[in-house]
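Here is a short report for a reader who is meeting this structure for the first time. Please look over the sequence and the model before reading on.

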Amino acid sequence: MNAAVATARPASHSVAAPVAATAPALVRIEGLHKVYGAGDTFVHALRGVDLTLREGEFVAVMGSSGSGKSTFMNMLGALDRPTEGRYWFRGVDVGPLGRDERALLRRHYLSFVFQSFNLLPRTTALENVELPLIYRGVRKAARRKRAMEMLAMVGLADRADHTPAQLSGGQQQRVAIARALTADPALILADEPTGNLDSARSAEIMELLVRLQRERGLTIAMVTHEPEMAAYAGRVLWFEDGLVKRDGTPAEVLG
Amino acid sequence: MSGWNTFVMALRAITRHKLRAFLTALGIVIGVGSVITMVHIGQSAKQSVRDQIASLGDNLLMVRPGAGRGPGGARSAASGFDVADAEAIAHQVQGVNVAPTTSTNALAVYGNVNWPTSVTGATNAYFEVRDHAVAEGRLFDESELKAAAPVCLLGPTVKGELFRDGDAVGASVRVGKLACTVIGVLESKQAMMGSDGDDLIVMPLRTVQRRLVGTNDVQMIYVSALEDGTTARVQEDIERLLRERRRIRPGADDDFSVRDMKEIADRVAGTTDVMTALLGAIAAVSLVVGGIGIMNIMLVSVTERTREIGIRMAIGARGREVLMQFLVESVVLSTLGGAIGIALGVGGSFLATEKLALPFVLVPDIVGVAFFFSAAVGVVFGFVPARKASRLDPIEALRHE
């Protein structure tokens with residue numbers, strides 16, 4: 001199935017499916033600026049980013065710390081507002097949306113996977129996975145069913161009643177991915193999802209993300225420091241000084 | 001998110017930290033508990049006073065010679081009443097039952113047992129006016145009243161002291177120097193402000209006047225208004241009549257007093273009300289202190305759960321939903337505390353009234369008010385922490401360690 005792209009990297013792992021240039025745009029960003037603070041604390045974090053993410057793309061976001069990639073992810077996740085520039089999500093202008101509207105945008109279209117997993121403590125895996133559906137007003141029976149399906153998909157159906165403290169790091173991250181999937185988002189934003197995991201668990205998580213992208217057509221934007229992780233993606237964005245300096249396949253960007 | 005889900009979520013959050021939740025609500029438990037206890041004991045004491053005074057008889061007026069209080073607090077000397085005064089009241093004031101009485105203290109002796117008690121000389125009207133029922137035997141008959149016959153009815157205490165479980169009716173008891181035949185035993189009445197209402201002997205008025213006291217004076221005339229709500233009118237009529245009969249000039253003070261038992265009862269009850277309000281107010285302060293306790297812990301909780309708030313916001317919770325979550329949590333905590341406080345307060349005051357031999361009165365109003373207030377405390381003191389939570393920046397909150 002992945003023979004076509006297997007030649008690009010050593011075939012030790014699977015790679016995200018390529019997306020046709022004609023695929024519809026999920027995100028369109030033009031001239032995005034973000035400025036923090038004033039005076040001594042003034043930071044120009046983004047200095048005019050332009051890019052398009054297509055439906056079904058798996059994008060790795062890279063760059064040294066302070067390059068603006070985290071700020072970019074916050075904009076993309078509608079957690080923050082740009083100082084200047086335009087951001088269309090499926091053709092909707094996100095820029096003028098208020099706090100509550102951005103919350104609703106996240107609720108219905110965006111999901112997050114974090115480096116530190118960020119599951120609710122003392123709460124079972126099942127309840128954690130259900131959480132986005134509660135905010136969506138899904139009834140309890142349907143919620144349970146859907147959450148169980150998602151846990152089964154990440155291979156943790158038998159851990160449904162375990163709390164995060166009773167799960168290993170890799171398992172916690174899989175629960176977090178299940179949680180991100182329950183709401184059937186248009187875009188998953190993953191912030192160093194393998195940052196706290198050893199290489200074997202990291203590979204597991206990356207395989208899972210790639211599988212979701214290939215099989216379910218999920219769009220994924222993933223921040224990572226590690227070229228090995230970025231190699232799973234179909235496209236890499238390299239941030240430097242608040243700008244996308246390089247944009248292409250992992251082979252093109254990382255050499 | 002639906003209200004029910006918010007509620008369930010709040011319950012989950014609370015059950016995750018049971019001990020902390022209990023300690024948080026403890027202030028409210030104590031506050032509500034003490035309000036409930038104070039008010040219930042107060043109301044029970046008031047009811048007890050009411051009951052005692054009602055047990056004296058309905059619409060009772062007590063007419064006594066001598067002004068209530070002379071200058072300097074001394075009782076001024078005044079001539080006593082006689083039977084004619086009582087008859088005048090009975091005939092000239094409408095809708096009354098009149099019972100002239102004279103009392104003295106005497107030693108009652110039966111066999112080798114003696115018992116000091118009070119002896120009241122009265123007519124049969126006395127039993128109606130004072131609401132004394134006869135447990136066994138009979139009342140006086142006309143000839144006994146006229147002839148100053150040596151017959152008597154015993155109060156249950158006297159009967160018990162002299163006869164134990166034996167039969168009293170028909171026996172001969174010596175009262176002072178007078179040997180008299182027991183014709184009946186009264187039914188028990190409630191204790192009256194520390195004095196035993198059952199510790200008495202009743203004889204015909206003339207028997208006491210002539211054979212025990214040696215005067216024809218009537219010391220006290222009990223008057224009961226036959227119709228409810230007419231005591232004030234009856235009191236006025238009696239005062240006017242007695243001033244006329246005793247030739248008191250207009251403007252001069254009465255040399256007798258007509259006291260309305262109900263008025264006394266109301267005054268005592270009023271004092272109890274003030275005490276209740278005072279104690280209730282003090283207890284209410286502890287409710288506020290409890291509220292501050294809730295605010296304190298909720299603020300800590302918001303800080304501690306900053307990351308959780310960040311996660312919820314990232315998932316798509318709006319500010320108002322986060323606000324509601326924390327507000328509902330504090331309201332659930334405070335009403336839970338209120339409910340426990342109500343249970344403890346009602347239970348505690350029930351036991352206390354039992355111990356104090358007071359009638360227990362449940363005051364549903366105050367229970368409702370206490371519950372409402374504990375919920376209100378949750379809203380008021382939960383609002384600041386909840387608003388703080390709702391205004392967090394999701395990015396900052398997610399980074400929080």
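Two residues are in contact if their C-beta atoms, placed from the backbone, lie within 7 Å. By that rule, among contacts in chain B between residues at least 6 apart in sequence, 84% join residues at least 24 apart. For chain A, residues 24 or more positions apart account for 70% of the contacts with a separation of 6 or more. The model is a predicted one.

## The two chains

Chain A holds 9 helices and 10 strands. Its radius of gyration is 18 Å, close to the 18 Å that the globule rule gives for 255 residues, so chain A is as compact as a globular protein of that length. Chain B comes to 13 helices and 10 strands. Its radius of gyration is 33 Å, well over the 21 Å that the globule rule gives for 401 residues, so chain B is more spread out than a compact globule.

| Chain | C-alpha extent along the principal axes | Buried residues |
|---|---|---|
| Chain A | roughly 50 × 45 × 40 Å | 46% of 255 residues |
| Chain B | about 105 × 55 × 35 Å | 42% of 401 residues |

## Where the chains meet

## A covered strand in chain A

Strand E8 of chain A covers residues 219-223. Is E8(A) covered or open? It is mostly covered, with 5 of its 5 residues buried. Thr219(A), Ala221(A) and Val223(A) point one way from E8(A). Ile220(A) and Met222(A) point the other way. Residues on both faces are buried.

E8(A) has partners. Strand E3 (residues 58-63) of chain A pairs with E8(A) in the parallel sense, over 4 bridges. There, Val61(A) stands opposite Val223(A). Strand E7 (residues 187-191) of chain A also runs parallel to E8(A), and 5 bridges join the two. Ala190(A) stands opposite Met222(A) in E8(A). How does the chain get from E7(A) to E8(A), and what is the hand of the crossover? The chain passes through helix H7 (residues 199-216) of chain A, and this β-α-β crossover is right-handed.

## The nonpolar core

In soluble globular proteins, nonpolar side chains tend to be buried together. The largest nonpolar core here has 178 residues. Which of its members touch the most others? They are Val61(A), Ala221(A), Cys152(B), Ile201(B) and Val223(B). The largest share of this core, 14 residues, comes from helix H2 (residues 18-54) of chain B.

## A buried threonine in chain B

Thr101(B) lies in strand E2 (residues 96-110) of chain B. Why does Thr101(B) count as buried? It has 22 C-beta neighbours inside 10 Å, and a residue is buried if 20 or more lie within that distance. Not counting residues up to four places away in sequence, Thr101(B) touches, among others, Thr120(B), Gly121(B), Leu205(B) and Tyr222(B). Val8(B) is another matter: Thr101(B) and Val8(B) are 93 residues apart in sequence and 71 Å apart in space, C-alpha to C-alpha.

## Two positive phi angles

Most residues other than glycine have a negative phi. Arg122(A) has a positive phi of about 55 degrees although it is not a glycine. Its place is in the loop between strand E6 (110-113) and H4 of chain A. Arg122(A) is partly exposed, with 14 other C-beta atoms within 10 Å.

Ala148(B), not a glycine either, has a positive phi of about 55 degrees. Ala148(B) sits in the loop between helix H5 (142-146) and strand E5 (151-154) of chain B. With 17 other C-beta atoms within 10 Å, Ala148(B) is partly exposed.

Note on methods: Residues numbered from 1 in each chain as written. Chains lettered and ligands numbered in written order. Predicted model: local features only at pLDDT ≥ 70, side-chain atom pairs only at ≥ 80, totals over all residues. Buried ≥ 20, exposed ≤ 12 C-beta atoms within 10 Å, placed from the backbone. Pairing = 2+ DSSP bridges. Right-handed = clockwise from strand over helix to strand, strands pointing away. Rg over C-alpha atoms; globule rule 2.2 N^0.38 Å. Core = buried A, V, L, I, M, F, W, Y, C linked by C-beta atoms within 7 Å.
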